[in-house]
Amino acid sequence: LHALVRIYARNIFALDGVWFQSIEQENGMEQEMHHDRNAWRRFTETEARRIKNFLQLPTQSGLDGLEEALSLRFSALANTEIKIIRNESELIYKVIDCRVQTARKDKGMPYHPCISVGLIEHKYFAKIIDSRIECEPISCYPDITDNTCACAWRFTLQQ
């Protein structure tokens, strides 16, 4: 069952990539990014609500709830390696090897400029888990500051 869930998670990434490339080829990267941001915001909120309900998390789940929920995201299941680093005041979520960027590289395509989409994706996921959680990028293409991962995000709980 675990292997099947990982296959379905990878299939969602594949669908997103095929959709993305269709828009990109027909209308260019800027139009694709506009639609990608809109789609990810809506999808991310739905995904977070479903995971939150599944885990029976309270309304204000804090960083503990976010940590639990992030590990069940389809992207956490589809990517080959993620890392969640936790201390008292923050949670760092790292995608070590990104399926999207690896696929684009393997096809000879330029990397996806995903920081604006990634910020929407992570920010709105966290807000559904707990409205007090803030998200900021640490490293994400094209603003890579950490060469040990594809992207990294910092979550903090605002009081």
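Student: Buried means under 20% relative accessible area. By that cut-off, is Arg 73 buried or exposed?

Tutor: The model is a predicted one. In it, Arg 73 has a relative accessibility of 0%, so this arginine counts as buried.

Student: Where is Arg 73 found?

Tutor: Arg 73 lies in the loop that links H3 to helix H4 (74–78).

Student: And which residues does Arg 73 touch, leaving aside those up to four places away in sequence?

Tutor: With those set aside, Arg 73 touches Trp 40, Thr 44, Glu 47, Ile 51, Glu 121, His 122 and Phe 125.

Student: Phe 125 interests me. Which residues make the contact of H3 with H6?

Tutor: First, the geometry: helix H3 (residues 62–70) packs against helix H6 (residues 115–129) at an angle of about 120 degrees, and the axes are 9 Å apart. H3 is therefore oblique to H6. The two helices make a right-handed crossing. On the H3 side the contact is formed by Gly 62, Gly 65, Leu 66, Ala 69 and Leu 70, and on the H6 side by Phe 125, Ala 126 and Ile 129.

Student: How does that contact divide by class?

Tutor: The contact of H3 with H6 has six nonpolar residues, two polar residues and no charged ones.

Student: Now H1 and H5. At what angle do their axes cross?

Tutor: The axes of helix H1 (residues 2–27) and H5 cross at roughly 55 degrees and come within 10 Å. H1 and H5 are thus oblique to each other, and their crossing is right-handed. H1 contributes Arg 10, Phe 13, Phe 20, Gln 21 and Glu 24 to the contact, while H5 contributes Arg 99, Val 100 and Arg 104.

Student: Let us step back. How many helices and strands are there in the protein?

Tutor: The protein has six helices and four strands, and their order along the sequence is α-α-α-α-β-β-α-α-β-β. The radius of gyration is 15 Å, close to the 15 Å that the globule rule gives for 159 residues, so the protein is as compact as a globular protein of that length. The C-alpha trace spans about 45 × 35 × 25 Å along the principal axes.

Student: What percentage of the residues is buried?

Tutor: Buried residues account for 42% of the 159 residues. As for contacts with a separation of 6 or more, 59% are between residues 24 or more positions apart.

Student: A change of topic: the backbone. Which residues does the cis peptide bond join?

Tutor: The cis bond joins Tyr 141 and Pro 142, with omega about 10 degrees. Pro 142 sits in the loop between strand S3 (133–140) and strand S4 (151–157). For context, most peptide bonds are trans, and most residues other than glycine have a negative phi.

Student: What is the phi of Gln 56?

Tutor: Gln 56 is not a glycine, yet its phi is positive, at about 55 degrees. This residue belongs to the loop between helix H2 (29–55) and H3. Gln 56 is exposed, with a relative accessible area of 69%.

Student: Lastly, where is Pro 113?

Tutor: Pro 113 is in the loop between helix H5 (99–106) and H6. With a relative accessible area of 26%, Pro 113 is partly exposed. From Pro 113 to Ala 152 the C-alpha to C-alpha distance is 14 Å, and the two are 39 residues apart in sequence.

Notes. Residues are numbered from 1 along each chain as its sequence is written. This is a predicted model: local features need pLDDT of at least 70, side-chain atom pairs count only at pLDDT 80 or more; totals for chains, interfaces and linings use all residues. Side-chain values use heavy atoms; hydrogens and water are left out. Axes are lines fitted to C-alpha atoms, for helices over the stretch in contact, and angles run from 0 to 180 degrees between N-to-C directions. Angles under 35 degrees count as roughly parallel, over 145 as roughly antiparallel, 65 to 115 as roughly perpendicular and the rest as oblique. A crossing is left-handed if the near helix is turned anticlockwise from the far one by less than a right angle, and right-handed if clockwise. Contact means heavy atoms within 4.5 Å. Ala, Val, Leu, Ile, Met, Phe, Trp, Tyr, Cys and Pro count as nonpolar, Asp, Glu, Lys and Arg as charged, and the others, Gly among them, as polar. Buried means under 20% relative accessible area, exposed over 50%, partly exposed in between (1.4 Å probe, protein chains only). The radius of gyration is taken over C-alpha atoms; the globule rule is 2.2 Å times the number of residues to the power 0.38.
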